[in-house]
Amino acid sequence: MSGHRAKPPSQRQLRVGEELRHTLARILERGMLRDPGLEGITVTVTEVRMSPDLRRAHVFVTPLGGGPTTPVLEALTRARPFLRRQIARSVDLRNVPNLDFVADGSF
């Protein structure tokens with residue numbers, strides 16, 4: 001119980017996270033993913049939290065209108081290499097972060 005508090009995210013972390021959120025939302029909106037787990041499901045990217053070194057991104061997603069999140073998370077995890085390539089084409093970053101998909105339980 002050292003009372004250690006996590007540092008708030010830097011402006012760069014927030015800026016990069018928001019840019020990734022917009023990019024991922026655009027990819028999902030255009031229907032670029034062809035996965036049976038996403039068939040007929042609209043996915044909302046609610047937030048992207050970046051690690052301090054910008055090498056890992058926690059992507060919070062939820063199916064629009066509710067519903068089970070497990071098939072959506074599995075489909076997005078399968079599509080991770082494709083999504084990273086799309087991010088590399090769209091966002092100017094030294095390293096494309098690894099994407100960890102997390103169900104957003106705040107809704």
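Helices H1 and H3 are oblique to each other, a class that takes in the angles left over when those under 35 degrees count as roughly parallel, those over 145 as roughly antiparallel and those from 65 to 115 as roughly perpendicular. The model is a predicted one, in which local features need pLDDT of at least 70 and side-chain atom pairs count only at pLDDT 80 or more, while totals for chains, interfaces and linings use all residues. Residues are numbered from 1 along each chain as its sequence is written, and side-chain values use heavy atoms, with hydrogens and water left out.

The axes of H1 (residues 11–29) and H3 (residues 80–90) come within 10 Å and cross at roughly 120°, where axes are lines fitted to C-alpha atoms, for helices over the stretch in contact, and angles run from 0 to 180 degrees between N-to-C directions. Helices (H or I, at least four residues) and strands (E, at least two) are DSSP runs, numbered from the N terminus. H1 passes H3 in a right-handed crossing, the near helix being turned clockwise from the far one by less than a right angle. On the H1 side the contact (heavy atoms within 4.5 Å) is made by Leu20, Thr23, Leu24 and Ile27, and on the H3 side by Phe82, Leu83, Gln86, Ile87 and Ser90. Six of these residues are nonpolar, three are polar and none is charged; Ala, Val, Leu, Ile, Met, Phe, Trp, Tyr, Cys and Pro count as nonpolar, Asp, Glu, Lys and Arg as charged, and the others, Gly among them, as polar.

H3 also meets helix H2 (residues 70–78), and the axes of these two helices come within 4 Å and cross at roughly 60°, which makes H2 oblique to H3. Here Leu76, Thr77 and Arg78 of H2 meet Arg80, Pro81 and Leu83 of H3, a contact with three nonpolar, one polar and two charged residues.
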